[in-house]
Amino acid sequence: FREIERDQDALQIKDLKINGHDLITLGLKPGPEIGQILNSLLESVLDNPDLNERESLLRLAREMIRSGKE
C-alpha cells in the first residue's frame, strides 16, 4: 500500500490522468458510455500503472471508441 501511495498509482477513476471532459472532447456525448470507458481505463491502469499518463489514456480511449468496446 505504501508503494502504491508513494507512486501515486490510480485506485479510483478520479485518480486517472483524464476525465469525462476529455472523452467529450474526443467526440462522446455525455452519458453512461463515458463512465463505462473510464471504468475500462481504470481496469487497464490497475493492471499496468504505467498507463496512467494522459496521452496513453487518450490513445486507449480512442481505440475503445473506434471499436465500440467499453
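Figure 1. The model shown here, as in every view below, is a predicted one. S44 has a relative accessibility of 22%, so this serine counts as partly exposed; the cut-off for buried is under 20%. Leaving aside residues up to four places away in sequence, S44 touches L51 and L60. Look for L57 as well: S44 and L57 are 13 residues apart along the chain, and their C-alpha atoms are separated by 9.2 Å.

**Figure 2. Helix α3 on its own, covering residues 32-47.** How far apart are the end C-alpha atoms of this helix? They are 23 Å apart, which agrees with the 22 Å that 16 residues should span at 1.5 Å a residue. The buried residues here are I34, I37, L38, S40, L41, L42 and V45. Part of their cover comes from α2 (20-25) and α4 (54-67).

**Figure 3. Where α3 meets α4.** From the α3 side come I37, S40, L41, S44 and V45, and from the α4 side come L57, L60, A61, M64 and I65. Sorted by class, this contact has 8 nonpolar residues, 2 polar ones and no charged ones.

**Figure 4. The geometry of the α3 and α4 pair.** Two packed helices are described by the angle between their axes and by the distance between those axes. For α3 and α4, the angle is about 130 degrees and the axes are 10 Å apart. The two helices are therefore oblique to each other; an angle over 145 degrees would be needed to count as roughly antiparallel. As for handedness, α3 passes α4 in a right-handed crossing.

**Figure 5. Helix α4 and the residue that comes just after it.**

**Figure 6. L23, a leucine in helix α2.** Is L23 buried or exposed? Its relative accessibility is 0%, so it counts as buried. Not counting residues up to four places away in sequence, L23 touches I18, L28, I34, I37, L38 and A61. L23 and A61 are 38 residues apart along the chain, yet their C-alpha atoms are separated by 7.5 Å.

**Figure 7. Stepping back to the protein chain as a whole, with its 4 helices and 0 strands.** Follow the sequence and the pattern reads α-α-α-α. The chain has 70 residues, of which 31% count as buried. Now take the contacts with a separation of 6 or more: residues 24 or more positions apart account for 59% of them. The L23 and A61 pair from the previous view, which touch each other, lie 38 residues apart along the chain.

How values were computed: Residues are numbered from 1 along each chain as its sequence is written. This is a predicted model: local features need pLDDT of at least 70, side-chain atom pairs count only at pLDDT 80 or more; totals for chains, interfaces and linings use all residues. Side-chain values use heavy atoms; hydrogens and water are left out. The expected span of a helix is 1.5 Å times one less than its number of residues. Buried means under 20% relative accessible area, exposed over 50%, partly exposed in between (1.4 Å probe, protein chains only). Contact means heavy atoms within 4.5 Å. Axes are lines fitted to C-alpha atoms, for helices over the stretch in contact, and angles run from 0 to 180 degrees between N-to-C directions. Angles under 35 degrees count as roughly parallel, over 145 as roughly antiparallel, 65 to 115 as roughly perpendicular and the rest as oblique. A crossing is left-handed if the near helix is turned anticlockwise from the far one by less than a right angle, and right-handed if clockwise. Ala, Val, Leu, Ile, Met, Phe, Trp, Tyr, Cys and Pro count as nonpolar, Asp, Glu, Lys and Arg as charged, and the others, Gly among them, as polar.
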